[in-house]
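Let's take a walk through this fold, starting with a pair of helices and moving on to the strands. Have the model open as you read.

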Amino acid sequence: MADTRHDGGDGGTPPREPGGGRPGGRRPGGKRPRERGGGILMGRPFGVPVYVAPSWFLVAALITWVFGDQIDRVLPGLGAARYLIALFFAVAFYASVLVHELAHTVAALRFRLPVRRIQLQFFGGVSEIEKESETPGREFVLAFVGPLLSLALAGVFYLGMQGVEARTIPGVLLAGLMISNLIVAAFNLLPGLPLDGGRMLRAVIWKLSGDPMTGTVAAAWTGRGLAVAVLIGLPLATYAGGLGGEDGPTGSLTDALLAAILAAIIWTGAGNSLRMARLRARLPDLSARALTRRAVPVTADVPLSEALRRANEAGARALVLVDGQGTPVGIVREAGIVSVPEHRRPWVTAGTLSQDLTDDLRVPAELAGEELLDHLRAVPATEYLVVEETGEIYGVLSTGDVERAFVAAMAKSSPSSPAAA
């Protein structure tokens, strides 16, 4: 078992579509959006939610079964109690994985990088860090602290072994935790994305080349090579070393299946790192100024049919509600306009279809890229008023337009698309 992925930077949590919400963003009224799909919430150390995914229970059962049989070979005669001991080991092991992830989290918070959540899942844990490090040095530290803590835990368990007898329950548990933490540290130090070692490699190449994209590409392709090596090398190594050979064909099949799962996770993670790096390179194209619809000002008492006539004459696609002094006070919702049949539009005023304009719904025209997406996520709405630095109205930004541009950018960043080749 190993911590297989540390999210953040180009290989981290992908930018989410506008309006999706995330911890750290707030809906109007100050209420945080509810996190979904994380699993069972176990707590919030350092203010970061920790979830246990349903797949963890499958792994816990598997560890209990396998480690229980190993305990029986070392300490025969325990009977069914050996599985309770093995279950305790499974929980303790994942507690070690949680410490590994908390190391990433504390470092991220120290560098003022928001952490969405920590999730314990099938093959370890994930720290979902929402932004990439600003410098290669911080990226290296952020990646290295996890394996470093796992090595430190292995040392602590080794010291504990010195105070107990080897062939006892405490001795077996401490030995198992020492070995498992060494494996977690060694596996994560392998130099390929999405592993911590891959992030360290990315940081080094980023520092040498001055380009984070170059580091991501090199580390991602190294990760793909590592996936192939795991797929082929792990079964060959266990067979040549006689590890599990006493189980015959069943043991060989288990080794091959484990290698295939690990290889698939590494290959997929490396591919996602490449895709997200290309997406982030295209995010600056998502500019509020470029995506804004031209708007015409109307007062609240203007009939909708007249307001739409003025917009058509001006070549505009949006309506901004203004007061008698021409100050914007609201945005006429596109969904409201569509819901009114054409024959009723002369009898419906623009003011009845508007949403009040708050300061949060004002978007600077120069906002672009992740800053624009962060602003829209923090205050979910369907339309925003885009303003110049002087406060002059530039137009109306529709969430739908931003989402379509975001999806187009994702399609262009896909490794299968010609633009990403």
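A crossing counts as left-handed if the near helix is turned anticlockwise from the far one by less than a right angle, and as right-handed if clockwise. Helices (H or I, at least four residues) and strands (E, at least two) are DSSP runs, numbered from the N terminus. A quick word on the source: this is a predicted model, in which local features need pLDDT of at least 70 and side-chain atom pairs count only at pLDDT 80 or more, while totals for chains, interfaces and linings use all residues. Residues are numbered from 1 along each chain as its sequence is written, and side-chain values use heavy atoms, with hydrogens and water left out.

Now look at helix 3 (residues 136-161) and helix 5 (residues 196-209). Their axes come within 8 Å and cross at roughly 160° (axes are lines fitted to C-alpha atoms, for helices over the stretch in contact, and angles run from 0 to 180 degrees between N-to-C directions). That makes helix 3 roughly antiparallel to helix 5, a label for angles over 145 degrees. The crossing of the two is left-handed. On the helix 3 side, the contact (heavy atoms within 4.5 Å) involves residues including Phe140, Phe144 and Pro147, and helix 5 brings, among them, Met200, Val204 and Trp206. The residues of this contact divide into nine nonpolar, no polar and five charged (Ala, Val, Leu, Ile, Met, Phe, Trp, Tyr, Cys and Pro count as nonpolar, Asp, Glu, Lys and Arg as charged, and the others, Gly among them, as polar).

On to strand 7 (residues 328-332). Four of its five residues are buried, so strand 7 is largely enclosed by the rest of the structure; buried means under 20% relative accessible area, with a 1.4 Å probe and protein chains only. Strand 7 pairs with strand 6 (residues 318-322) in the antiparallel sense over three bridges, where pairing takes at least two bridges found by DSSP. Valine 320 has isoleucine 331 as its bridge partner. The two strands form a hairpin with five residues between them, and glycine 326 in the turn has a positive phi of about 85°. Strand 7 is also joined to strand 8 (residues 354-356), antiparallel, by three bridges, with glycine 330 partnered by aspartate 356.

Finally, there's an open sheet of three strands in the order 9-10-11, with mixed pairing. Strand 9 (362-364) and strand 11 (393-398) stand at the edges with a single partner strand each, so one side of each is left without a neighbour in the sheet.

Technical notes
Parallel < 35°, antiparallel > 145°, perpendicular 65-115°, else oblique. Buried < 20%, exposed > 50% of the residue type's maximum accessible area, 1.4 Å probe, protein only.
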